[in-house]
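Hello,

Here is the structure I promised to send over.

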Amino acid sequence: MTACLPFGLQATAGHDSVPAEYEAWREGRWEELTGANGKAKVVAVRRISDRDTHTLPGVPGEWSLNEVGALTVTAAAEDGLTINGTTVDGTAEVPSDGALGFPNDRFGFAGSADGSYGVVVMDRHAVERSGLSGIDTFPYDPSWVFEGTYRAAPEGRRIEVGRLTTPRSTEAILAPVDLVVTIDGTEYVLAVIQTMPGQRLVVFTDETNGNETPEIGRWLMLPLLEPGSTVPVDFNQATLSHHHLNPAVFSCPLSPPGNDLPIRVEAGERALLHRKSAPPYGG
């Protein structure tokens, strides 16, 4: 039996209590999706790393890097594009983390990393339009909390991982360590990928996929620690990928080879809940 409850309510079936830390995590997770800059509000993302001209769907402006590698945008005053509240009329430099404004109650920001920029556009009303109302989860189960260990990988190791693009693609993603965790007496070794600086991620599949959880697997976000470190592994905090929020925007990584657990992981998130209709589990 699963708990189909919006965030902020306890899912205690089968257990006397749920740790306050877990409830706080659930509330933080809901804020991550639906808060002021929640991922469920993202309607366009574009990475810009060259001097070619780029456009983003649904918003005005032509974006590119200038001769010194700074991000610029070109727009006319009547386009209604603003940077930190100032209307762009011509070509303007876009500061990292500067506040972008667009017509139709859209907004965004630009961030820089590794010599490139990412432009993110959000819609203040996207959550309401989608009908997103909560996340279906398995009931909290303390037996799915473990201590794992980071095992060093060869320096600079990259793993070919599938991407949820259309059509599907692959990318050689940095995988600096492996996660070693023992479940019911069996040791499992899962590749840990790093898709963004300072962020470590395990994408895994298990025997609930395609029926009770998405076919494309789920995520465990892990801390940035050195090889040999002990790592908390709580499958109650297994999450859906961002792909389920907006498949046209989030081309998330699939599970790396070897990250398929031959067991049922009956813990963590199962599906997004919507007021209008629940989405299918596939992906």
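**Salt bridges and the parts they join**

Glu23 and Arg26 are both buried, where buried means under 20% relative accessible area, exposed over 50% and partly exposed in between, with a 1.4 Å probe and protein chains only. Before going further, please keep in mind that this is a predicted model, in which local features need pLDDT of at least 70 and side-chain atom pairs count only at pLDDT 80 or more, while totals for chains, interfaces and linings use all residues. Residues are numbered from 1 along each chain as its sequence is written, and side-chain values use heavy atoms, with hydrogens and water left out.

Back to that pair: the side chains of Glu23 and Arg26 form a salt bridge at 3.7 Å, N to O. A salt bridge here is a side-chain nitrogen of Lys or Arg within 4 Å of a carboxyl oxygen of Asp or Glu. Both residues sit in helix H1 (residues 20-34), three residues apart, or about one turn of the helix. Helices (H or I, at least four residues) and strands (E, at least two) are DSSP runs, numbered from the N terminus.

How many salt bridges does the structure hold? The total is 15. In general, side chains of opposite charge can pair when their charged atoms come close.

Another one joins Arg270 to Asp136, at 2.2 Å from N to O. Because Arg270 belongs to strand E19 (residues 269-274) and Asp136 to strand E10 (residues 132-137), this pair ties together parts that are 134 residues apart in sequence. Arg270 counts as buried at 7% relative accessibility, and Asp136 is buried too, with a relative accessible area of 3%.

Arg218 also has a partner, Asp206, with the closest N and O atoms 3.2 Å apart. Arg218 lies in strand E17 (residues 218-222) and Asp206 in the loop between strand E16 (199-204) and E17, so the pair ties together parts that are 12 residues apart in sequence. Arg218 and Asp206 are both buried. Finally, a network of salt bridges links Arg29, Glu32, Lys39 and Glu269.

**Strands**

E16 turns up again among the strand pairings. Five of its six residues are buried, so E16 is largely enclosed by the rest of the structure. What does E16 pair with? Strand E15 (residues 186-196) pairs with E16 in the antiparallel sense over two bridges, and E17 runs antiparallel to E16, joined to it by five bridges. Two strands are said to pair if DSSP finds at least two bridges between them. Met196 stands opposite Gln199 in E16, and Val203 stands opposite Trp219 in E17. The hairpin of E15 and E16 has two residues between the strands, and Gly198 there takes a positive phi near 80 degrees.

There is also a hairpin of E2 and E3, with five residues between them, and Gly69 in its turn has a positive phi of about 85 degrees. Strand E2 (residues 62-65) and strand E3 (residues 71-75) pair in the antiparallel sense over four bridges, with Ser64 opposite Thr72 in E3.

In strand E7 (residues 99-102) you will find Gly101, which is buried with a relative accessible area of 16%. Leaving out residues up to four places away in sequence, Gly101 touches Gly80, Leu81, Thr82, Arg106 and Phe107; contact means heavy atoms within 4.5 Å.

**Pocket and cavity**

The largest pocket has a volume of about 1800 Å³. On a 1 Å grid over the protein atoms alone, a pocket is an open set of points with protein on both sides within 12 Å along at least five of seven lines, a cavity is a set where a 1.4 Å probe fits but cannot get out, and lining residues have an atom within 4 Å of a point. Grid points are joined across faces, edges and corners, and a volume is the space filled by probe spheres set on the points.

The search of the whole structure finds one cavity of 30 Å³ or more. The largest cavity holds about 30 Å³ of space, and its lining is made up of Arg29, Leu33, Leu240, Ser241, His242, His244, Leu245 and Leu272.

Best wishes
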